[in-house]
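Here are my notes on this structure.

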Amino acid sequence: MKRERIAELERLRAQARGMGGPKALERQRTKGRLNVRERIDRLFDPGSFLEIGLLADHCGLTAELKDRKVPADGVVVGWGDIEGRQCFVIGYDFTVLAGTMGRTGEEKCARIRDLALRHRRPVIWLIDSGGARVQELGGSFFATTGYLFREQVTLSGVVPQVSVVLGPGAAGTAYIPALSDVVIMVREQGTLALGGPPLVKAVLNEEVSEQELGGSAVHLARSGVAHMAADDDAGALDLVRRYLSYFPASSKEAPPLGALRCPNPVGDALLDIIPDDASTAFDMQAVIDLLVDGAETLPYMHEFGRSIITCFARIGGYPFGIVANQSMVLGGVLENDSSVKAARFVSLCDAFGIPLLFLQDVPGFLVGSRVERAGIIRHGAKMLFAVSRATVPKITIVVRKAYGAGYFVMCGRAYEPDYIAAWPTAEIALMGAEGAVNIMYGNRLAALASEEAVAERERLEATYRAEVSPERAAALFGIDDVIDPRQTPERIYRAIQLAWSRQVLRPERKHGIFPV
């Protein structure tokens, strides 16, 4: 009898592992997508995944599905190892009722959220779902639902939350990524939208494709909902592994370290990147590549707010979140999107103890009626708030321009950097020489003949630049040092050694009021 029961159990398990059946699996393959179990095998270290809830089903909860098997109730959950560290996974199975969220499946997901909070381990969502299962949740039972998003908020900042959008993320499953720390989308495949094309057509009479409505091109470059992208499932899952390599299992642990060693000074290539003309743009990414270990970075929100760079990297084996102005885009000015992007990134790093490195070449915030109407003040305040609130180690290098409030939000002296230094090319001031001379001496220059005005302007700007030189800032002890750029990695390494275990006390309170 025992053997018969075990054999029957194995038959049920095999049936559940068969997901939506051969035809549904073939449709998934023809779309160029892995199925949920193949994705999980790719995500975790070989042989480490332990599934729970394999035999779960909808149990005939609704008349519409009474006679239909729903393997694993359309969602695969459990835990496994990523580089030897345990992580939880919730993977929606599109081959089973389009990966929709049913009552039993949501109980499985709730179990994972509870275990993640209890044991303080990261949670990874594999999104490939049509949203809530209307057959089960479309009636008054809906009044008993909604725990998912509240519990995600409870997990926020406690454990890393990663969403990988491998197919549709419709309605409710669109908010799962929105509440995650990082959203990775597969190009031309993943979509996020509160209402799909049929609903948009019915409500607005607007013809739009799934990708036009909520594809990766929309959410990476325009909405800012997504943060990273890959060309296929395998690439997206590899990004998850890379991303988590910078993060601790929870906010109570320190981020993982690489092999620690004092970096060698970089060569003259770093000197050649910065143009002699202070108004000429240069690629800050090239500077970052020379400073970090192995020239290896993991960009975050690369396609959004591109006048600022945010990325993860290591220097001397220590993990860093890097925030750097990119003069190749809008001269490196801070505008609405770049301010929001930097604020989010700083907040993410601060939540999980990842040190911050700021590389300044900032002309300030963008001005004008367009950005004012779009809320540049409150968006800039988000960045001010995030940098001020951050208690992780902070290191600032003034590479070139550091003007106005841009100097503040890029972690100027008042914002508690553990080390702040400038390169000889730096200028720290309320504004650049040309603008300052216009304000202070505009009337005088206007009264002069053209040739005299040119000569006088050159003299006044030269005088002003002498007052805003890095040597002057060092003399006033507004910065710790003026350094040879080639020494930068070694200085950062020595500073992070000092600051790695830093503790900053803030006034006791429930929380500050985030400027939304």
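1. Four helices each supply at least two residues of the lining of the largest pocket: α6 (147-155), α7 (172-178), α14 (336-351) and α16 (376-389). With six residues, α14 gives the most. Helices are DSSP runs (H or I, at least four residues), numbered from the N terminus.

2. This is a predicted model: local features need pLDDT of at least 70, side-chain atom pairs count only at pLDDT 80 or more, and totals for chains, interfaces and linings use all residues. Residues are numbered from 1 along each chain as its sequence is written, and side-chain values use heavy atoms, with hydrogens and water left out.

3. The largest pocket has a volume of about 1,000 Å³. Its lining has 33 residues, and the closest to the pocket centre are Ser156, Arg344, Ser347, Arg389 and Phe514. (A pocket is an open set of points on a 1 Å grid where a 1.4 Å probe fits, with protein on both sides within 12 Å along at least five of seven lines; lining residues have an atom within 4 Å of a point. A volume is the space filled by probe spheres set on the points.)

4. The pocket lining divides into 16 nonpolar, 10 polar and seven charged residues. (Ala, Val, Leu, Ile, Met, Phe, Trp, Tyr, Cys and Pro count as nonpolar; Asp, Glu, Lys and Arg as charged; the others, Gly among them, as polar.)

5. Now the helix pair. In α3, Arg39, Arg42 and Leu43 meet Asp233, Ala234, Leu237, Asp238, Val240 and Arg241 of α11 (contact means heavy atoms within 4.5 Å). The residues of this contact are four nonpolar, no polar and five charged.
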